[in-house]
Amino acid sequence: MSPSVPLQEMIRAIRSAKTQCEERGVIQRECAAIRAQFRQSDNGGRSHNLAKLLYVHMLGYPAHFGQMECVRMIASPRYSEKRIGYLGAMMLLDEKQDASLLITNSIKNDLFHSNQYIQSLALCTLACMGSAEMCRDLAPEIERLLRASNSYVKKKAALCAVHIVRKVPDLGELFASAARSLLTEKNHGVLHGAVVLITELCGQKSRGSEAVQEGTVDPLTPDLMAVPDLIQIMKSLIVSGYSPEHDVSGVSDPFLQVRILRLLRILGHNHEAASDTMNDLLAQVATNTDSTKTVGNAVLYETVLTILDIKSESGLRVLAVNILGRFLLNNDRNIRYIAMTSLQKIVGTDHNAVQRHRGTIVDCLKDQDASVKRRALDLSLALVSASNVRSMMKELLVFLSSCPPDLRSQTASGIFNAAERYAPSQRWHIDTILHVLTTAGGDVRDETVPNLIQLITNASELHRYTVHKLYRALVTDISQQSLVQVACWCIGEYGDLLTGPCQEMDPAQVSENDVLDALETVLQSHMSSPATRAFALTATMKLSTRITDNVDRIRSVVSIYGSCIDVELQQRAVEYNALFKKYDHMRAAVLERMPVIEKTSGQSNGVSSGESVKDNQPVKVMPGESLLPQPPADQVCDLLDLLGDSGENQQASLVGAVPAAALVSSTATTAGGDLLDLLGGLEPPPTTPVPVYEKDGVTLTISCDKQSGSDLTVTLTASNSTESDISSFMLQAAVPKSVQLHMKAPNGDLLPARGAAKVSQMVILNNPNKVTLKMRVRISYNRNGSAFQDMIQIDSFPGLDH
């Protein structure tokens, strides 16, 4: 290929290359020819060669050797060479390279040029790759051009000033006066640049002063003088007739309208006087903008965001919510999605206005788009209140039965949380939770079982109804493990009520053999987990004191599992066999019904998605308190030897907690003998939680329990006191290298509003070298669609002897 081939020929040769090797050969030969011509002092084809080099650069090949040629061509008096030189500088140079400093003087000279197009080349280059040093040197020239008479130059200068303010925020005051003067221009390009510049100036001031304290000067006060001009520009855009130059689908310059609305949103935030000035304009925009076109919806959406962010009057806010409600009926899924995202942010402050669109929001649960469906679920859960809990729960339960698997856990948790807050009665609460367990029992959280058991225990007048309903659910389906565990527990506690009639349900005769058959089915089913079998075995054992005709059958069932391969189940069976043989005289006392579990801090009376039940353990009784009369001391010692700590998981421990007279201890924290450890009262009481973090409504407390000389168990508990729910809550911890850290899984990642529930996570620290303990904790979460992250360092651990 000849060194003097035109750009078009080079492009054609590169595209015709059949292999990458052939392409590299063509480019290497052409680059060598370009280098040679760059070295010639009298080169009439410099712009031609630089254009070819820029194409090579666009293909990803090295072109840095053309940087100095760009500098020389920028200094050329010819416009054609300046144009390609500035283009090359914007593509091949950046602020990190020393060669960029060489063009500062050329840019300054061109800013004084009489040709507007040469001035615009210099302005575009400075706005594209100007460094902080260049911006400081050339800022006065840009401010001068902002006051020029040429609209074309002022438009370019305004956008260049935006780059300078971003690079050097301290120079913002230099452009403030000139930027406001540009608002009197008629040219839309100049107005657009001026609005962008003022928006950037306001943003820099807001970031420089995060909060305006009472009695201090508001940094945005000078910019508020631009509000009347902005309103006048906006009104002229609304009432102006058809303009071919600026019309887009019947809307006059929607890009400028959107920019002005965003600036008004910044200026009106926390400014009551400015907000009052904007109210009439915003109402006019909201009512006169065509919503049948995408551009009209874009303007309406910005209008809604502005209304909701400033101190607007209540009627205007209702109008904004109604516009979002119309968006929900739009066929475009993207518009429906942003509408629900916006409604989610304001549902806490404008709850009644959003409630008017509850039916439309619930209908969005049937949408085929997964993102729309998820947003609709979040918003539907936020709309549940005491007045509509029954109707909303019906819709959510229908959705739960057909929702995608990835939404079942979130839906179940939301239903639990809403039922806990707004349940009209205990029976309704229990029925709702059982419906969820029947539909999605495999997708509920681990704490659901103990919390529901606590709810049932406290509803003493519903014991007969609950045990009948759970028995029928157990006979129908044993695949939902959470439901089966609760059913087994209730049958074990209240199985004697099954043989009698239940007025609230259809009459059905249930015999003792039927109840035992159901429990044996659970024990023998391959679908039953070890924890579920433990529930069933304990329930079977407890029935030995509640029915009288099948004690021998129960004894034989229990003895079978004395040789079970599962160690925990085997230990239970051995202990229960010992009760039959050696301690039969006290079996009735040991297997009495569990006492009512009182509600404690961190524990809920129902099932809540975010409830923090520390280690999900049974309720504790204060040391020295006794619920029932004490048995003889020798019997107690025998029991302590027989039913010692078995180390089972928390769900199995709840079943294995066999209540005897006065055997409930305040420190019943180990499985197998939860309520049997009388010596637990000798342990030190747990430390009081100490706050270590309080910010933006999020509070994090710490409590410690020293297990041994080197082991320390730290429990971190978080709560949310704001009006909006927090999702994706996560804690990360780091300790010195000599300390071993093990973080257990948290009990959830959702922090409901107003402190309705808490999230707790246990951290086990092993400090064999006895170094001073320090722990750094990173807190991250999402609120109203925005991500937040913070970090704290904990230097003091309560209850730890240093």
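Which kind of bridge do the side chains of D552 and R555 meet in? They meet in a salt bridge, at 2.8 Å from N to O. The term stands for a side-chain nitrogen of Lys or Arg within 4 Å of a carboxyl oxygen of Asp or Glu. The model behind this is a predicted one, where local features need pLDDT of at least 70, side-chain atom pairs count only at pLDDT 80 or more, and totals for chains, interfaces and linings use all residues. Residues are numbered from 1 along each chain as its sequence is written, and side-chain values use heavy atoms, with hydrogens and water left out.

Back to that pair: D552 and R555 both sit in helix α29 (residues 551-560), three residues apart, which is about one turn of the helix. Helices here are DSSP runs of H or I with at least four residues, strands are runs of E with at least two, and both are numbered from the N terminus. D552 counts as exposed because its relative accessibility is 56%, while R555, at 30%, is partly exposed. For these words, buried means under 20% relative accessible area, exposed means over 50%, and partly exposed is in between (1.4 Å probe, protein chains only).

A search of the whole structure turns up 30 salt bridges. One joins R147 to E143, with the closest N and O atoms 2.7 Å apart. R147 is partly exposed at 46% relative accessibility, whereas E143 counts as buried at 16%. Another brings together the side chains of E723 and R754, at 3.0 Å from N to O. This pair ties together distant parts of the chain, 31 residues apart: E723 is in the loop between β5 and β6 (726-734), and R754 is in the loop between β7 and β8 (758-766). R754 has a relative accessible area of 46%, so it is partly exposed. There is also a network, in which R46, E69, R72, R78 and E81 are joined by salt bridges that share partners.

Next come the strands. Five of them form an open sheet in the order β3-β4-β5-β8-β7, with antiparallel pairing. At the edges are β3 (690-695) and β7 (740-743), each pairing on one side only. From one strand to the next, the twist averages 20 degrees. Two strands count as paired if DSSP finds at least two bridges between them. Strands β4 (residues 698-706) and β5 (residues 711-720) have nine bridges, in the antiparallel sense.

Two packed helices are described by the angle between their axes and the distance between the axes. For α23 (residues 426-440) and α26 (residues 481-494), the axes come within 7 Å and cross at roughly 130 degrees. Axes are lines fitted to C-alpha atoms, for helices over the stretch in contact, and angles run from 0 to 180 degrees between N-to-C directions. The two helices are therefore oblique to each other; angles under 35 degrees count as roughly parallel, over 145 as roughly antiparallel, 65 to 115 as roughly perpendicular and the rest as oblique. L434, L437 and T438 in α23 meet S482, L483 and V486 in α26, where contact means heavy atoms within 4.5 Å.

Finally, Q571 belongs to helix α30 (residues 567-581). With 25% relative accessibility, Q571 counts as partly exposed. Q571 and Y561 are 10 residues apart in sequence, and their C-alpha atoms are 8.8 Å apart in space.
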